[in-house]
Amino acid sequence: MKKILAPSVLAADFGKLAEEVRVAADAGAEYIHIDVMDGMFVPSISFGMPVIQSIRPCTDKVFDVHMMVEEPGRYAEAMKKAGADLLCVHQEACRHLNRTIGEIHSLGMRAGVAINPATPVSMLECVLDQVDMVLVMSVNPGFGGQEFIPYTLKKVSQLRKRLEYLGLKTDIQVDGGINLGNVRQFLAAGANVIVTGSAVYHGDVAANVRAFMKEFEEFQE
Ligand code: DX5
Ligand code: ZN
């Protein structure tokens, strides 16, 4: 499957956010991963629609919005207006997941569903054929710069096998603690959309993006 890099701007310098987005996009990242936190679903608060809207003109790359928000369906329309292309909601945060996925699609966005490390892959069984992407969190969401939890790799391979069995070519995204030293393990497990915050935004952003793209090219399935 096509491998996609999704730099998380949570680790960027917010004082020059537009430039940070542009540099990653120009260096070859196909998605811009945007972490929205509400202080309820996760302990921290990040930013919301006005910030997303203000960076939308920087690039036409895919805005991949990760909603770490309770009942994220409440904001689907506002997120679409702000510029989201792909809206990813947590299974744990949606009382009516099927309805929320339907709302996202009816607004013309792609729909992703995320699961926390302690949520089994089987929780998604009923929606696997409805979603465009599954995000398997490799850390507990809420903060950048954490170490990835090794057992989440097993969940990725379990999910890839299940999708193949069902004849689905759904994207699997992984997010949290991914760097140049461990990204191959995630690719080998079956992930194809790689989120990375600190490993891109700490240091030379363009060089870091290119280094990930090189890993993707050199990786043998
Ligand atoms: C964690 C966020 C991640 C985070 C990744 O709650 O969802 O997207 O920014 O950052 P790193 O790559 O530093 O773990
Ligand atoms: Zn994220």
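Around ligand 1 there are 20 residues, and Asp35, Gly142, Asp175, Gly197 and Ser198 come nearest; a residue counts as near if one of its heavy atoms lies within 4 Å. Before going on, note that this is a predicted model, where local features need pLDDT of at least 70, side-chain atom pairs count only at pLDDT 80 or more, and totals for chains, interfaces and linings use all residues. Residues are numbered from 1 along each chain as its sequence is written, chains are lettered from A and ligands numbered from 1 in the order written, and side-chain values use heavy atoms, with hydrogens and water left out.

| Residue | Part of the residue | Distance |
|---|---|---|
| Gly142 | backbone N or O atom | 2.7 Å |
| Asp175 | side-chain N or O atom | 2.7 Å |
| Gly197 | polar backbone atom | 2.7 Å |

The protein covers 99% of the 380 Å² of accessible area that ligand 1 has on its own (Shrake-Rupley method, 1.4 Å probe). Strand 2, strand 3 and strand 8 each give two or more residues to the shell around ligand 1, and strand 2 gives the most, with 3 residues. Strands here are DSSP runs of E with at least two residues, numbered from the N terminus.

Where does ligand 1 sit? Ligand 1 sits in the largest pocket, meaning that more than half of its atoms lie within 2 Å of the pocket's grid points. That pocket has a volume of about 340 Å³, and 28 residues line the pocket, with Gly144, Gly145, Gly176, Gly177 and Ser198 nearest its centre. A pocket is an open set of points on a 1 Å grid over the protein atoms alone, where a 1.4 Å probe fits, with protein on both sides within 12 Å along at least five of seven lines; lining residues have an atom within 4 Å of a point.

Methods: Points joined across faces, edges and corners; volume = space filled by probe spheres on them. Polar contact = N/O pair within 3.5 Å; in protein donor to acceptor, adjacent residues only side chain to side chain. Helix = DSSP H or I, 4+ residues; strand = E, 2+ residues; numbered from the N terminus.
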